Amino acid sequence: MSIQTEQTSIQSEIVVEASQEHAFRVFTDRFDQIKPREHNMLDVEIAASVFEPHVGGRVYDRGTDGSECQWARVIAYEPPERIVFSWEISPHWQLETDPARASEVEIRFIAETPERTRVTLEHRNLDRHSTGWEGLRDGVGGDQGWPLYLARYADQVAVAS
């Protein structure tokens, strides 16, 4: 008898030509250039996307009018090896106010050589979002989701080298 289970996480990875420390720092320091401006839940255009680099830090967008939309919080911050943050966006692409219904994103920076780093991203526990979570999984795993973020990240690594 076989049991079929739903995939409740997505994985993506990229290799960048940078030291582990540099690769980690680019993700946190240049997050504003990594996150696409069109990924916006504010009523106005995004002026900046902010990643506060510490446990308990916020991940949020600041609008051109000064308004803010916090959509994640930093759960683990372990330079230069890993970052974990909550994903507080519902399957309807609205803010999730119940922390028990938030998923998690873990990014690992694995040194392959002194100047090459494998960056792995796992967005897990997507089923915590309840009804409709499969659409969220498909969205973050699709071309306009985490693969786009990692491609933009790789561009920033190249620019910052």
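Which residues of H4 are buried? In this predicted model, local features need pLDDT of at least 70 and side-chain atom pairs count only at pLDDT 80 or more, while totals for chains, interfaces and linings use all residues. Numbering starts from 1 along each chain as its sequence is written, and side-chain values use heavy atoms, with hydrogens and water left out.

The buried set in H4 is Trp146, Leu148, Tyr149, Leu150, Tyr153, Ala154, Gln156 and Val157 (buried is under 20% relative accessible area, with a 1.4 Å probe and protein chains only). Helices and strands here are DSSP runs, of at least four residues (H or I) and at least two (E) respectively, numbered from the N terminus. Helix H4 covers residues 146–160, and its 15 residues should span 21 Å at 1.5 Å a residue; the end C-alpha atoms sit 21 Å apart, so the two agree (the expected span is 1.5 Å times one less than the number of residues).

As for the sheet, seven strands form an open one in the order S1-S7-S6-S5-S4-S3-S2, paired antiparallel (pairing takes at least two DSSP bridges). Strands S1 (10–16) and S2 (46–51) are the edges, each pairing on one side only. S1 runs antiparallel to S7 (residues 116–124) over seven bridges, and Glu13 stands opposite Thr120 in S7.

H4 lies across S1, S5, S6 and S7, at about 15° to S1 (axes are lines fitted to C-alpha atoms, for helices over the stretch in contact, with angles from 0 to 180 degrees between N-to-C directions; contact means heavy atoms within 4.5 Å). Helix H3 (residues 133–141) lies across S1, S5 and S7, at about 10° to S1.

Technical notes
Buried < 20%, exposed > 50% of the residue type's maximum accessible area, 1.4 Å probe, protein only.
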